[in-house]
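Q: Hi! Could you walk me through this one while I have it open on my screen?

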Amino acid sequence: KFLVNFSDYLDTGLFLDHRITRQKVRELSNDRDFLNLFAYTGSGTVYAAAGGAKSTTTVDMSNTYLDWAKRNMALNGFKGREHNFVQADCLQWLAEQAGSPWGRKYGLIFLDPPTFSTSKRMQQTFDVQRDHVQLLQNAIKLLQPGGVLIFSNNFRRFQLDKEALQGVTIEEITASTLPRDYARNPRIHNCWLITKFQK
């Protein structure tokens with residue numbers, strides 16, 4: 001169950017094109033520590049919790065969306081100290097965590113950044129094509145051995161720089177994550193499974 005808003009904004013609070021992607025999160029989350037970056041209203045976190053995640057960490061810069069995520073989790077009965085919510089610039093938070101020897105590691109990460117972002121709260125602008133390598137390298141550092149990163153974005157001309165990503169296997173799963181009602185617009189999002197090598 002999700003709280004949605006059909007009256008006040010174009011933004012309803014739920015990305016419909018990611019229904020199958022969220023199901024993939026649920027399938028992969030059992031007994032894993034889950035991290036949701038650029039978490040929006042936390043629907044991915046709800047799916048991870050429903051799939052049996054050991055813990056969830058939900059990160060977004062917007063207090064409005066983070067509060068919405070908390071309410072979505074509570075609506076589905078997911079409360080407790082194992083579910084953490086972090087209000088932060090995801091880029092800065094991720095860089096700090098990746099650079100720390102005490103940074104927590106996760107078995108599953110969902111990373112669905114905006115195509116472009118700028119904000120008074122951010123230290124710099126973000127462009128997914130320009131900045132995705134550093135973003136992914138930092139996220140991979142937070143993966144446990146054998147951990148999985150689901151990476152998606154909505155930039156129609158996006159090209160993933162696979163050569164720059166080391167110590168992982170990369171599988172594009174875009175076609176399998178597109179619901180049938182988006183068949184006429186198959187470029188609505190791109191999606192990859194990135195799995196960290198076992199040591």
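Q: What should I know before we start?

A: This is a predicted model, where local features need pLDDT of at least 70, side-chain atom pairs count only at pLDDT 80 or more, and totals for chains, interfaces and linings use all residues. Residues are numbered from 1 along each chain as its sequence is written, and side-chain values use heavy atoms, with hydrogens and water left out.

Q: Great. How many aromatic pairs does a search of the whole structure find?

A: Eight aromatic pairs turn up. Rings of Phe, Tyr and Trp (its six-membered ring) pair if their centres lie within 6.5 Å; planes under 30 degrees apart count as stacked, over 60 as edge-to-face and the rest as tilted.

Q: Which kind of pair do Phe15 and Tyr40 make?

A: They are stacked, because the ring centres are 4.3 Å apart and the planes meet at 10°. Phe15 sits in the segment before α1 (19–28) and Tyr40 in the loop between β1 (33–37) and α2 (43–50), so the pair ties together parts that are 25 residues apart in sequence. The helices (H or I, at least four residues) and strands (E, at least two) are DSSP runs, numbered from the N terminus.

Q: Are those two buried or exposed?

A: Phe15 is partly exposed at 38% relative accessibility, while Tyr40 is buried at 11%. Here buried means under 20% relative accessible area, exposed over 50%, and partly exposed in between (1.4 Å probe, protein chains only).

Q: And what about Tyr65 and Trp68?

A: That aromatic pair is tilted, at 6.2 Å centre to centre with 40° between the planes. Tyr65 and Trp68 are three residues apart in helix α3 (residues 63–75), so about one helical turn separates them. Tyr65 is partly exposed, with a relative accessible area of 23%, and Trp68 is buried at 8%.

Q: Which residues do the ring pairs link into a cluster?

A: Phe15, Tyr40, Tyr65 and Trp68.

Q: How do α1 and α2 pack?

A: They pack at an angle of about 35°, with their axes 7 Å apart. Axes are lines fitted to C-alpha atoms, for helices over the stretch in contact, and angles run from 0 to 180 degrees between N-to-C directions. On the α1 side the contact uses Arg22, Gln23, Val25 and Arg26, and on the α2 side Ser43, Gly44, Tyr47, Ala48 and Ala50.

Q: Switching topic: what about α4 and α5?

A: Helix α4 (residues 90–99) packs with helix α5 (residues 128–141) at an angle of about 50°, their axes 8 Å apart. That makes α4 oblique to α5; angles under 35 degrees count as roughly parallel, over 145 as roughly antiparallel, 65 to 115 as roughly perpendicular and the rest as oblique.

Q: Which residues make that contact?

A: From α4 there are Leu91, Leu94, Ala95 and Ala98, and from α5 Leu135, Asn138, Ala139 and Lys141.

Q: Where is Asn138, and is it buried or exposed?

A: Asn138 lies in helix α5 and is buried, with a relative accessible area of 8%. Leaving out residues up to four places away in sequence, Asn138 touches Leu94, Ala95 and Ala98.

Q: Last one: where is Asp89?

A: Asp89 is in the loop between β3 (83–87) and α4. Asp89 is buried, with a relative accessible area of 9%. The C-alpha atoms of Asp89 and Asp161 are separated by 24 Å, and the two residues are 72 residues apart along the chain.

Key. Contact = heavy atoms within 4.5 Å.
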